[in-house]
Structure formats: structure tokens, C-alpha cells
Amino acid sequence: MKKFKHFGLIVLVLVLVTMTAACSSDTEAEPASGSGDKYTFKLAHITPTDHMWHKAAEKFKEELDKRSDGRMQVEIYPASQLGTEADMVQQISSGSVDFGFITAAYMSSRAPAFTAWFAPYAFEDLEAANDARDTEVAKNILGTLDSQGIKGLDYVFAGNRVMLFKDKEVKKPEDMNGLAFRVTPSPPLQDFYKSLGASPESLPLPEVYAAIQTGVIDGMDMDLDATITNKYYEVAKYGAVTNHMVWPAVAMMNKDKYDKMSDADKKIIDESIKAAADYSVTTRASQEEEFKKNLSDNGMKIYEIDKGLFDPYIKQFDEKYGPTDPLIKEFLDTFRK
């Protein structure tokens, strides 16, 4: 009996030693485990602080702080404080800036698959475009940024695109012939307006107000949100609520930094971005009528143009861009119902 007790004690000691070694090994394999590393990130975007993208950035900051128990903090640089979108993307790629909300329009000049989002009249409304965020083709488009040192995280929507005119009430596409029109420097947007007969001008956003005020341009491609925050109603008399294209920003992060994070911390990043994107589209979709009334109250004539008048230009866009990239073709086949 005494020998049996001694044997049992030896077995117990061996078990405890084995468990301790295993725990030690696990700790060495996962030093961060999503609970210890602290971060202070930088996030940059182009819009003013009262625009939806800035509010989404603030929501992202709030979610990160909450989900990480304060380990992850974000410094936000709005209104092109860190330069143009080209500058910001370069900074994100090099790692001097961690996050960006960069227009998919600009990104289409660096990664052509983003052109798919600018297929005219691809979606019935903002909610339908938002649903497309979670599709496989949308995620694969984000994946085309990997080779540039950028992790595409999600899409953050502002309102759909509308057309603003300085002093001409455009009622049909043909009325745009010869107009100098400010368009984000993106091949698909420029081609769409060229097909309408306009002359696209790629002015930086801070220069647009003065350009339309002085007649350098006759109008612009814009969203209602930015029309209000930038007070374009002071210099443009007419607003055609065409809602002809959606307007996502690409939420992105330096890929090297993302890849080096623990799985638990990656999950915090992913879920915080998703929460910010959901907040953005839900909030923005509910503001459509309010924004139109705001602009009308400020003296802008708000009206609609029949979507059917654009059918030939929709077909022309699809026939040109569909064959250029398998992801664009898949996108068009998926959402052109």
C-alpha cells in the first residue's frame, strides 16, 4: 500500500511537470495573444470633419478603443491634411500611415478591378450597394491591393453620385455636351462623362469651390453629403439627383502591419471596420430626403433626370470595361439584373 502511494505521487508530479512545460511552450508560440500589444494608429482621408467618412472614422476609433480595452488608439487626419489621395496611399503602402479611407474612384487608377463599382446605375439604391460589400467578388476586388503592400479591409459608403451645374439646368445627357465638368481622376468616371459629351476636369477637391465660382468648370460629379459640407450650393444653382453611381471609400491598412498582428487583434480591426461601415451606410441612407431639402432651402434647384435616358451610355460602359478584367465582368454579371 505504501509503495502504491509513492508511485501515485510520482505520477502526479510528472503530470504537473508536463502541463507546466506545455503551458510554457504555448506562451512562447503566442506572445501577444491579442491581449497585450498597444497601438497608436494614424488614419487619413480627404473629407471635412462633418462628412460621413470622417464620422465613420470616428466610429472606427470608438469601436477599436472599446473592443481592445483601450489598447488600440487612432489619430485621425481629415481634409487632406496628409496630402492628396495619391500621397496618402503611398504613405499607407510604406507604413508611415496605418489606415486610410481612400475613394474607390482613385483606387481604380491603381487597381483596375475597382472600376466595377462605377458601372452606372448598377444598384437600385444605397442599401443594395451596401449588400454587395459582402459578396465574394467585392472581397476579391479588395484582394487586388495585396501586391501594393495594402490590406483592403472593407468599403465605406457615402451617398450616391449626383450632378451639380453652375447655371444650366441639364435635363438630358445631350445637354452636357461641351461642359467642363469636375470629375475625380478615375478612368471609368472620366470615360462615362466623355461619353455624355462633357470635358472631364480632374481638380483636387479643395480647388473645386473656386473653380465653379469663377467659371473654370461648369459643374461637377459629387454626392449630396459633400455638396452640403463644402457649401457648393453657394456657387451651383442646379442639382440633378441622378444617383447614377455609388461612392465607396476603400478602408485599407498597411499590409505588413496587419499581417504581423495576432489573429485576435486582426479580428478586432476587421470587426471595428465593419461596425464603422455599417454605421456609415445606415446613417447616410436615412439622410437622403433631409439633404435634398437642405439644398433646396439654400437656393439650389433639386430635380431628377429619367434613368432611361442613360441606357445607351450604360451599355457603352459595360461593353468597354466588362472584357478588361474578369472581376469587372463577374461584378457586372452579378449585379446587372
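Helix α2 (residues 52–67) has 16 residues and spans 22 Å from its first C-alpha to its last, close to the 22 Å expected at 1.5 Å a residue (the expected span is 1.5 Å times one less than the number of residues). Please keep in mind that this is a predicted model, where local features need pLDDT of at least 70, side-chain atom pairs count only at pLDDT 80 or more, and totals for chains, interfaces and linings use all residues. Residues are numbered from 1 along each chain as its sequence is written, and side-chain values use heavy atoms, leaving out hydrogens and water.

**Helix α2**
- Buried residues (under 20% relative accessible area, 1.4 Å probe, protein chains only) of α2 include M52, W53, H54, F60 and L64.
- After α2 comes D69, with a positive phi near 55°.

**Helix α12**
- E288, F291, K292 and L295 are buried in α12 (residues 288–297).
- Those buried residues fall within an arc of 100° seen down the axis of α12, so they line one face of the helix (the arc is taken from the directions from the helix axis to the C-beta atoms).
- On the other side of α12, E289, K293 and D297 are exposed (over 50%).
- Among the elements covering the buried residues of α12 are α9 (224–229), α11 (263–285) and β11 (301–303), with contact meaning heavy atoms within 4.5 Å.
- G299 follows α12 and has a positive phi, near 95°.

**The lining of the largest cavity**
- The lining residues (an atom within 4 Å of a cavity grid point) include W117, Y121, F123, N160 and H244.
- This lining divides into seven nonpolar, three polar and no charged residues.

Methods
Helices (H or I, at least four residues) and strands (E, at least two) are DSSP runs, numbered from the N terminus. On a 1 Å grid over the protein atoms alone, a cavity is a set of points where a 1.4 Å probe fits but cannot get out, and a pocket is an open set with protein on both sides within 12 Å along at least five of seven lines; lining residues have an atom within 4 Å of a point. Ala, Val, Leu, Ile, Met, Phe, Trp, Tyr, Cys and Pro count as nonpolar, Asp, Glu, Lys and Arg as charged, and the others, Gly among them, as polar.
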